[in-house]
Amino acid sequence: MKTYSQLTVAERQEEYASLQQRYNDYKALGLKLNMARGKPGVDQLRLSAPMLHILDVDDCIVDGIDARNYGELAGLPCAKNLFAELLGTKPEEILVGGNASLTLMYDLMAKAMTHGLLHSPRPWSQEPVVKFLCPSPGYDRHFKISESFGMELITIPMTATGPDMDAVEEAVKDPTVKGMWCVPKYSNPDGILYSEETIDRIANLKPAAPDFALMWDNAYCVHEIYGEFRPFRDILTLCREAGNPHMVYEFASTSKITFPGAGVAVMAASVENQKYIESLLTYQSISYDKLNQLRHVRFLKNKETVLALMQEHAKILRPRFSAVLDALDKEIAPLEIAQWTKPMGGYFVSFNAMEGTAKRALALCKEAGVVMTGAGATFPYGKDPKDSNIRIAPSLPPVEELKQAMDIFCICVRMAALEKLGL
Ligand code: PMP
């Protein structure tokens, strides 16, 4: 089989015509398929069904605290213990929040803007310019949080071992650079595990800004798809040892352990940071939802049981990831028009189409009823300079639908590549 660049114009035209035929047949079916967001499938949600019945009226008092009532703004001690065990931090470094880690991240950025962080000379809103480092491709919602507060987004290239640390070390010499977004384990969308060296270099950064915020989003900390749990080092300890105890804010949630949107989120940070943040939070809320915290503690129990549950998730996810990867291997690999990741965990396959074709491929997909995350979303300001990266989210559709969606996706990627090569 010839690669696409080896085809003559006449051969490309012939290939395009046959793809167009298949494309039109699919279009006529009026399908509605969605590979846009990393939502767990319904069979994954069922794994946590027992949690809905786990609390009894007489069973809401724990460690002398009535979870039904106001109080314990930083979270139930038993919930702090559970998340400290999962993240490898100390319980006193944990704030157990509400239903979404994104809310905690947004809230921290909002507080930085309005009040400043622990070591801010002034609130960020009073700075002439605030810049934020965005390793890209990255998580669109991180970038949007910074953008929504008027921060300037600085693209940092992603490498196979995490953010390009030469670029990061250079960038943090600028005192207007106030922080960086990181997803250290199974990064969104590339599924990269930051290397030990990268993590050490991050912990040892010497930012010019005294209030530099390392936004360490450990969203996929226990989310293996293939193989056993891969341990990770505690970033709070590493930063403390490097003389940066207050630089890091670590986030995680049970969104993809139990119920997205109805889980429990946490922020880990130094005790001094926790005290400072709680002093601001106290005007915002009397307490988060401790009943949900207690439900989670009763259901998830400890790290061992969480890891066992994650293996059940993995069993459900594996056939979906295989459906995506098999389709790409079969339909795209021989043509040499794209590269993609084969992640060991997380929620995404990161696909790099032939440069200048991602937007067109996704427009074709949309017309045929396949919805994907918009092209460019994984870059600051939604602009992929190469118009190449596409994030594939295999978790939601049932495998049969996924196979159909991938068939259409591959057709569209091929059509867009042929158009680019010239017909
Ligand atoms: N962080 C990352 C890296 C994610 O991929 C996601 C979900 N797609 C979230 C955070 C959202 O987490 P939560 O539901 O806790 O807000």
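**Two helices side by side**

How close do the axes of helix H11 and helix H13 come, and at what angle do they cross? In this predicted model, the axes of H11 (residues 303–331) and H13 (residues 399–421) come within 9 Å and cross at roughly 30°. Angles under 35 degrees count as roughly parallel, so that's how H11 and H13 lie to each other. Their crossing is right-handed.

Who does the touching? On the H11 side, the contact residues include Pro319, Ala323 and Leu328. H13 brings, among others, Leu402, Met406 and Phe409.

Now for the strands. Strands of a sheet pair through backbone hydrogen bonds, either parallel or antiparallel. Here, eight strands form an open sheet with mixed pairing, in the order E4-E11-E10-E9-E8-E5-E6-E7. E4 (94–96) and E7 are the edge strands, each pairing on one side only.

Take a look at E4: its pairing with E11 (residues 265–268) is antiparallel and runs over three bridges. Val96 stands opposite Val266 in E11. Helix H4 (residues 101–114) lies across several strands, including E4, E10 and E11, and runs at about 155° to E10.

Which residues of helix H7 (residues 196–203) are buried? They are Thr198, Ile199, Ile202 and Ala203. Down the axis of H7, these buried residues fall within an arc of 130°, so they line one face of the helix. An α-helix has 3.6 residues a turn, so residues three or four places apart point the same way.

The face of H7 turned away from the buried side carries Glu196 and Glu197, which are exposed. As for the buried residues of H7, their cover includes strands E8 and E9 and helices H6 and H8.

Key
Residues are numbered from 1 along each chain as its sequence is written. This is a predicted model: local features need pLDDT of at least 70, side-chain atom pairs count only at pLDDT 80 or more; totals for chains, interfaces and linings use all residues. Side-chain values use heavy atoms; hydrogens and water are left out. Buried means under 20% relative accessible area, exposed over 50%, partly exposed in between (1.4 Å probe, protein chains only). Helices (H or I, at least four residues) and strands (E, at least two) are DSSP runs, numbered from the N terminus. The arc is that of the directions from the helix axis to the C-beta atoms. Contact means heavy atoms within 4.5 Å. Two strands pair if DSSP finds at least two bridges between them. Axes are lines fitted to C-alpha atoms, for helices over the stretch in contact, and angles run from 0 to 180 degrees between N-to-C directions. Angles under 35 degrees count as roughly parallel, over 145 as roughly antiparallel, 65 to 115 as roughly perpendicular and the rest as oblique. A crossing is left-handed if the near helix is turned anticlockwise from the far one by less than a right angle, and right-handed if clockwise.
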